[in-house]
Amino acid sequence: MKMMVKRLDRIFYPKSVAIVGATPTTNKIGNVVLKNFVEGMFDGEIYPVNPKYDEILGRRCYPQISKIAGKIDCAVLATPADTIPEIMNECAKKKVGGIVMITSGFEESGRTDIAEKIREIAVKNNMPVVGPNCLGVFNPYSKIDSIFLPMYKLERPRAGNIAFITQSGAVGSTIIDLAAYYGVGISKFISYGNATVLDESDYLEYVMNDKETKVIILYIEGVKDGRKFLEIMKKVNKKKPIIVLKGGQGRGGQAAAKSHTGNIAGSYMAYNAAFKQAKVIEADGLYELFDIVKIFNQPKPKGDGIGIITNGGGLGIITTDFVEKENLHLAEFSESTKKEIAKILPPYGNVGNPLDLVADSGVDSYKKAIEIMMNADEINVLIIVVLLQTPPMDERIIHVLTKASDDRRKPIATISVGGAYTEAYRKILERNGVPSYSSPTAAVKAVERFVTYSKYIKKLK
Amino acid sequence: MTMVDDFELLEKNGFRLIPYKTAKNEKQALKAADDLGYPVAMKIISKEIEHKTDVGGVKTGIKSPEVLKIAYAEMMENAKGFEVDGVLIQKMARKGVELIIGGKKDPQFGHMVVLGIGGIYVEIFKDVSARICPVEGMDVEEMISELKSHPIIDGARGERPLSKKAIQELVLKTCKFMIKKDIKEMDLNPVICDHSGCDIVDVRFRR
């Protein structure tokens, strides 16, 4: 399997792609996928394959794989299930680097017989197969894109350093769309469907060694080999943080339980235990995945001392409440920090953590306060609450926060609660790579996960 | 399989149980209690009874032969309609906190071990934490700290903290045992712990 995982490079960085089942009929999968390549700035060779046509979207169409003269790195298959084994054999003969199998109608429809054949052919020829029954792959670095949802309906995210590995295509497409919307940059997208040949553990291993990937998001519903999964999670998570969402946390399949343990410990409990053992970060829902992953792009905190800056007392207090709930602690300001802060506060201001800059303070106060906290050794993480609605606040705050994030001295999380005006600002911050949250809960939760993970990594060293 | 078979299997695998004896009738029960020394607990032995407490099949804190006789009669009355193999007389456990240490074989991950606050309300409070076997000492420490009730283990209300060493040992042993015997499900419940150790009071298996 090792070899096959390595060979995934030919799928993710192909110089030539064959789309088997390409068609001129709009909104058919074979059409959308071909369009992705033709219109999506893929600059390698594109070979549509379909015996019914000579030309599709202005490209020469081939009757079958074997009739293509050039080398093929990746074949995207979108033909009916029954045709797959034969096409795979042809791919093997042609020494195709790897296959992305979008087609459905295998294990999930009771056709384990074809699935078995797929596995056989793949293993025999050491030919990696992503899928079947999936969206396949997207790599913004190489522009390979087998996602069969039209680009005008589903925006593609920018290049970045988050790898998404998802069992479900539906969750996958949602993630892609949201990532694009929030300006989250991704390194690799892998929707692996039935995992007939390669499974979640293999993909985790692949992205662990992928130089573009720094953080991994994983969505799973079930795994086949829990032990292998646990071991791989442990290994990968030490190098790159894994943020996981487990779908299907129900308590099915326990009817036969005879003991209390059997009754309480459903299958989800085993997953939950495995996540804890591997020290991966478990998210509670789709949006939380994004909330958490945002902060993981920041430099790791050296400790757990939190500093809060706010221009709204109440929001500072609510944020502090969550800091306590999450068992984090507010840093105690040193004497020199206090002195520095006193200089920037109006005479009636209070030096304390959370640091309330009060509502009539503007961008400059933020700039100074951030600088002081960046220099204070007792503070390891900055939570910056910005009420954008106050009169002195203006667009220069974007620059100040972006710089605080770009300087990469300490991790920051920003919180701005509000309506359309605030959300517009938040979106700019997101696009600038500044972790921006619309609620203190989300921000503090993310900070807690990041602090805990960083502690774990520090302990390993 | 009865409770006695389960007890014996555990003992064979290095678990230390509180002293017990089995009895087929009242006379043997009195003799057993005498040998073990009062106070004792008495438990019904029956393949047909799933949860002994629910049918009045457990009496604890029996202090004298007179009380034992009454308890024995009551228990036999409660168990009418079930096939009864006798009773188990057990020395009373130490006073302490009731824990549950259990495990099951998960179809994907294999054997896992569970630790929680035990007793008869386990399934109501569901305050348990779990790990995939095998586990190390560090894992058990984390399991303890994940429990909502961990302050009880750390010594609440002026009590001394429970022996984490004893808890750890039991959890590790449970994992090893489940793997070795390929146990499908098991409960050590309650396991009564204080600052100096733990007593396994009752067990249940699915092999």
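Two residues are in contact if their C-beta atoms, placed from the backbone, lie within 7 Å. Keep that in mind for the tour. This is a predicted model: local features need pLDDT of at least 70, side-chain atom pairs count only at pLDDT 80 or more, and totals for chains, interfaces and linings use all residues. Residues are numbered from 1 along each chain as its sequence is written, while chains are lettered from A and ligands numbered from 1 in the order in which they are written.

**Stop 1: where the chains meet**

Select chains A and B. Their contact takes 19 residues from chain A and 24 residues from chain B. Now pick out β5(B), which gives five residues, the largest share of the side of chain B that touches chain A. (Strands are DSSP runs of E, at least two residues; helices are runs of H or I, at least four; both are numbered from the N terminus.) Colour that side of chain B by class: nine residues are nonpolar, five polar and ten charged. Here Ala, Val, Leu, Ile, Met, Phe, Trp, Tyr, Cys and Pro count as nonpolar, Asp, Glu, Lys and Arg as charged, and the others, Gly among them, as polar.

**Stop 2: domains of chain A**

Select 1–132 for domain 1, 154–297 for domain 2 and 305–460 for domain 3 of chain A. Such bounds come from an automatic or database domain assignment. The centres of domain 2 and domain 3 of chain A, taken over C-alpha atoms, are 29 Å apart. Twelve residues of domain 2 of chain A contact 16 residues of domain 3 of chain A. Helix α10 (residues 286–295) of chain A supplies four residues, the largest share of the domain 2 side.

**Stop 3: a sheet in chain A**

Show the strands in the order β9-β8-β11-β10-β12-β13-β14 (chain A): they form an open sheet with mixed pairing. Two strands pair if DSSP finds at least two bridges between them. Which strands stand at the edges? They are β9 (144–145) and β14 (281–282) of chain A; each has a single partner strand, so one side of each is left without a neighbour in the sheet. Next, select β10 (residues 159–166) and β11 (residues 186–191) of chain A, which run parallel and are joined by six bridges. A:Ala159 has A:Ile186 as its bridge partner in β11(A).

**Stop 4: around A:Ala75**

Finish by selecting A:Ala75. Leaving out residues up to four places away in sequence, A:Ala75 touches A:Ala18, A:Val20, A:Ile65, A:Cys91, A:Val96 and A:Ile99.
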